[in-house]
Amino acid sequence: AYIGDMLLKMEQEGVKAIDVKRTVMKNYNDMLQEALKKTVWSAIDKSWYKTADGLITNNWPFDTRYYRKL
């Protein structure tokens with residue numbers, strides 16, 4: 001519903017693109033990385049989900065109820 005509302009508003013107002021605030025995205029990514037440190041992906045040296053510098057790229061370490069809440 002949130003995305004649908006945004007797309008409708010964009011169409012009505014002639015907006016071609018939107019973006020998130022950098023600080024909001026950084027805070028979100030920091031929270032994810034902190035949580036991902038407690039998952040199995042952090043314990044593995046090389047993984048599909050881990051970059052060469054150790055960044056874990058799995059997109060969600062929590063359950064779906066928390067995803068919906070956010």
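1. This is a predicted model, and everything below should be read with that in mind. The chain contains four helices and zero strands, so its elements, followed from the N terminus, read α-α-α-α under the DSSP assignment.

2. On overall dimensions, the radius of gyration of the chain is 16 Å, whereas a compact globule of 70 residues would come out near 11 Å. Along the principal axes, the C-alpha atoms occupy a box of roughly 50 × 25 × 20 Å.

3. Of the 70 residues in the chain, 13% count as buried, and among contacts with a separation of 6 or more, 26% are made by residues 24 or more positions apart.

4. As for the surface, the chain exposes about 6,600 Å², of which 56% is supplied by carbon and sulfur atoms. The charged side chains number 12 positive and 9 negative, and the centres of these two sets are 4 Å apart.

5. How many aromatic pairs does a search of the whole structure find? The search finds four, and one of them joins Trp-60 to Tyr-67, with 5.1 Å from centre to centre and 85 degrees between the planes. This pair is classed as edge-to-face because its angle is over 60 degrees. Trp-60 and Tyr-67 also belong to one aromatic cluster, together with Phe-62 and Tyr-66.

6. Tyr-67, by contrast, has a relative accessible area of 55%, which is over 50%, and so it is exposed.

7. Where does Thr-57 lie? Thr-57 is found in the loop that runs between helix H3 (40-43) and helix H4 (64-69). Its relative accessible area of 42% falls between the 20% and 50% limits, and Thr-57 is therefore partly exposed.

8. Which residues does Thr-57 touch, if those up to four places away in sequence are not counted? The residues are Trp-48, Tyr-49, Lys-50 and Thr-51.

Methods
Residues are numbered from 1 along each chain as its sequence is written. This is a predicted model: local features need pLDDT of at least 70, side-chain atom pairs count only at pLDDT 80 or more; totals for chains, interfaces and linings use all residues. Side-chain values use heavy atoms; hydrogens and water are left out. Helices (H or I, at least four residues) and strands (E, at least two) are DSSP runs, numbered from the N terminus. The radius of gyration is taken over C-alpha atoms; the globule rule is 2.2 Å times the number of residues to the power 0.38. Buried means under 20% relative accessible area, exposed over 50%, partly exposed in between (1.4 Å probe, protein chains only). Contact means heavy atoms within 4.5 Å. Accessible areas come from the Shrake-Rupley method with a 1.4 Å probe; for residues, only the protein chains shown count as cover. Lys and Arg count as positive and Asp and Glu as negative; His and the chain ends are not counted. The place of a charge is taken as NZ of Lys, CZ of Arg, CG of Asp or CD of Glu. Rings of Phe, Tyr and Trp (its six-membered ring) pair if their centres lie within 6.5 Å; planes under 30 degrees apart count as stacked, over 60 as edge-to-face and the rest as tilted.
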